[in-house]
Amino acid sequence: MTQDKTIKNIVFDFGGVLVGLDKHRCIAALDIIGAREISGYVDECRQEDLFHDLEIGRIDVEEFCNEVRRKSPLCTASDEKIAWAWGELLTGIPQEKLQRIASLKKDYRIFLLSNTNVIHWKRSVEEYFHCGELGVDDLFERIFLSYEMGMVKPERDIFLTMLAEAQIDAAETLFIDDSAANCAAAESIGINTLHDPEGWLWMKKL
């Protein structure tokens with residue numbers, strides 16, 4: 001991969017590629033706060049209703065928490081507790097991944113494009129994106145987040161918007177994602193891709 005001189009830009013996915021995910025830990029946390037009905041969404045990996053609305057920025061955290069309580073009659077948890085439980089899906093980012101990104105910045109322009117929500121992103125910035133003195137804004141030239149953009153992968157428009165706003169060429173760009181559907185969408189507009197279901201293949205290839 002590093003031998004391909006046409007690649008000038010690397011775009012990383014976030015969940016699964018950088019940050020670890022553990023749905024069982026999240027389900028346990030939701031059960032603790034009485035939101036068993038919501039844990040069913042996580043167990044079935046359903047990205048719809050309140051989760052989708054939060055991910056595209058259609059609702060804010062307060063509205064999301066109100067919806068969690070509405071769907072879960074036994075849940076009387078505070079917004080803070082609900083945000084904590086949903087954040088338990090994330091397990092952290094290994095330091096070696098952040099160190100590799102910092103190293104890649106010497107030879108490539110580095111970006112991030114993620115389907116995520118404000119709860120997960122806030123937690124990650126505060127707790128996980130620390131590499132020595134470097135923070136998230138030091139590691140990526142631009143960060144593209146679905147809840148800020150109002151669109152999600154694998155929609156073609158999210159890739160086209162990223163290319164336009166970053167002012168980069170699809171043919172000179174490598175996109176790394178754990179989803180085959182997201183990679184296929186990127187490829188359809190000429191972006192090079194690396195499908196990395198486990199989130200460690202890119203560490204060997206780059």
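A residue is called buried here when its relative accessible area is under 20%, exposed when that area is over 50%, and partly exposed in between (1.4 Å probe, protein chains only). Helices (H or I, at least four residues) and strands (E, at least two) are DSSP runs, numbered from the N terminus. The model is predicted: local features need pLDDT of at least 70, side-chain atom pairs count only at pLDDT 80 or more, and totals for chains, interfaces and linings use all residues. Residues are numbered from 1 along each chain as its sequence is written, and side-chain values use heavy atoms, with hydrogens and water left out.

By an automatic or database domain assignment, the protein chain divides into domain 1 (9-20 + 93-204) and domain 2 (23-88). Their C-alpha centres are 25 Å apart. Contact, meaning heavy atoms within 4.5 Å, involves 12 residues from domain 1 and 13 residues from domain 2.

Strand E1 (residues 9-12) is covered on both faces: Asn9 and Val11 are buried on one side, Ile10 and Phe12 on the other. Strands count as paired if DSSP finds at least two bridges between them. E1 runs parallel to strand E4 (residues 109-114), with four bridges between them, and Phe12 stands opposite Leu112 of E4. E1 is also parallel to E6, again through four bridges; here Asn9 has Thr173 as its bridge partner.

From E6 (residues 173-177) the sheet pairing continues to strand E7 (residues 192-195), which is parallel to E6 and joined to it by four bridges. Leu174 is partnered with Asn192 in E7. Ala180 lies in H11 and is partly exposed, with a relative accessible area of 47%. Ala180 is 26 residues from Pro154 in sequence, and their C-alpha atoms are 9.5 Å apart.

Helix H6 (residues 95-104) has Lys97, Leu98, Ile101 and Leu104 buried. These residues cover an arc of only 120° around the axis, which puts them on the same side of H6; the arc is that of the directions from the helix axis to the C-beta atoms. An α-helix has 3.6 residues a turn, so residues three or four places apart point the same way. The buried residues of H6 pack against E1, E4, helix H8 (136-139) and helix H12 (201-205).

Helix H1 (residues 23-32) buries Cys26, Ile27, Ala29 and Leu30. Their arc, seen down the axis of H1, is within 165°, so they line one face of the helix. The face turned away from this buried side carries the exposed residues His24 and Ile32. Cover for the buried residues of H1 includes H2 and H5. At the start of H1, a side-chain oxygen of Asp22 comes within 3.1 Å of the backbone nitrogen of His24. After H1 comes Gly34, with a positive phi near 85°.

In helix H4 (residues 61-71), the buried residues are Phe64, Cys65 and Val68. They fall within an arc of 95° seen down the axis of H4, so they line one face of the helix. Their cover includes helix H2 (36-43), helix H3 (49-55), helix H5 (79-87) and helix H7 (118-127). At the start of H4, a side-chain oxygen of Asp60 lies within 3.3 Å of the backbone nitrogen of Glu62.

Methods: A polar contact is a pair of N or O atoms within 3.5 Å; within protein, one must be able to donate a hydrogen and the other to accept it, and residues adjacent in sequence count only if both atoms are side-chain atoms.
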